[in-house]
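This report goes through a few features of one structure. Please look at the sequence and the model first.

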Amino acid sequence: MENNVHQHHRERMRQRYLQEGPDGFATHELLEMLLYYAVQRGDTNDTAHRLLEDNRGLLGVMSAEIPALELTEGVGPKSAMLLSLTGALLRRAAIEQRPETKRFDTCRKIREFIEPYYVGVGVERVYVMAFDNGMRMIDFYVACEGTVNEAYPIACKIVERSVLKHASAVVIAHNHPDGFAIATSHDRDFSAKLEQALKLVSIVLLEHLLFGDGCCIPLLQKNACMLRSSPTYEERDVFYERFYADMNTEQRTLAELLGYDPEA
């Protein structure tokens, strides 16, 4: 009898979705329906509520690792895998919305390239972009996951790879997944050590971008941009004036990253 009740409820939810679309549903209801495809019988409404509570909202659910998802009561291996795959597809969709860029000669272009890679990422992650002297990207990779407390080993790794790639300039980015885009002393110490190490091999650390709560902050712009050399053949002041001219540090929503206008 109980299974029949839940089955009728599921069918009503499906028909409502087909007739009304997703906008009329609460977040927990959409999550409840997604779980239907991993949980064949029973009530997934309570599980959806618990997932949102345990992970501090939908983005937290989509970014959580599989073992962490399985800690929520009612979430088994199939449900955790389904949620993880959904989060991965969400991140991939954001990446595919990036504008095609050949020359990364402004900070805004660099932000728009990197930012989608942080969609649904629940751990700190350091990305590195390396450029030739025409500001064309020649390398892009994850330098580490976790905090940047161990600055010296990470800096050595970045310098070594940049030299091998014959880079003229480097931009690094990292995120605060559970906080705001406010630099810590460790963040600034890491920037200083990397900048010094790259300078020894005539490579410019252009910027250290910090992502958090939908915002992006260039850590080096305020205090040091005029002290750094130009990675191109242009004069230093000309290059940096253009580099920061269109930088947007304001918060961007997931809909903006996906190129979706909810009012359209």
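Is Cys107 buried or exposed? Cys107 is buried, at 0% relative accessibility; buried stands for under 20% relative accessible area, exposed for over 50% and partly exposed for what lies in between (1.4 Å probe, protein chains only).

The model is predicted: local features need pLDDT of at least 70, side-chain atom pairs count only at pLDDT 80 or more, and totals for chains, interfaces and linings use all residues. Residues are numbered from 1 along each chain as its sequence is written, and side-chain values use heavy atoms, with hydrogens and water left out.

There are zero disulfides in the structure, a disulfide being a pair of cysteine sulfur atoms within 2.5 Å. Two cysteines show why, since their sulfurs are too far from the closest cysteine sulfur for a bond.

| Cysteine | Closest cysteine sulfur | Distance |
|---|---|---|
| Cys107 | Cys216 | 6.5 Å |
| Cys215 | Cys216 | 8.8 Å |

Cys215 is partly exposed, at 21% relative accessible area.

Helix α9 covers residues 185-199; helices are DSSP runs (H or I, at least four residues), numbered from the N terminus. From first C-alpha to last, α9 reaches 21 Å, close to the 21 Å expected at 1.5 Å a residue, where the expected span is 1.5 Å times one less than the number of residues. The buried residues of α9 are Asp187, Phe190, Ser191, Leu194 and Leu198. Down the axis of α9 they fall within an arc of 100 degrees, so they line one face of the helix; the arc is that of the directions from the helix axis to the C-beta atoms. Ser185, Gln196 and Lys199 are exposed on the face of α9 turned away from its buried side.

Methods. Helices (H or I, at least four residues) and strands (E, at least two) are DSSP runs, numbered from the N terminus.
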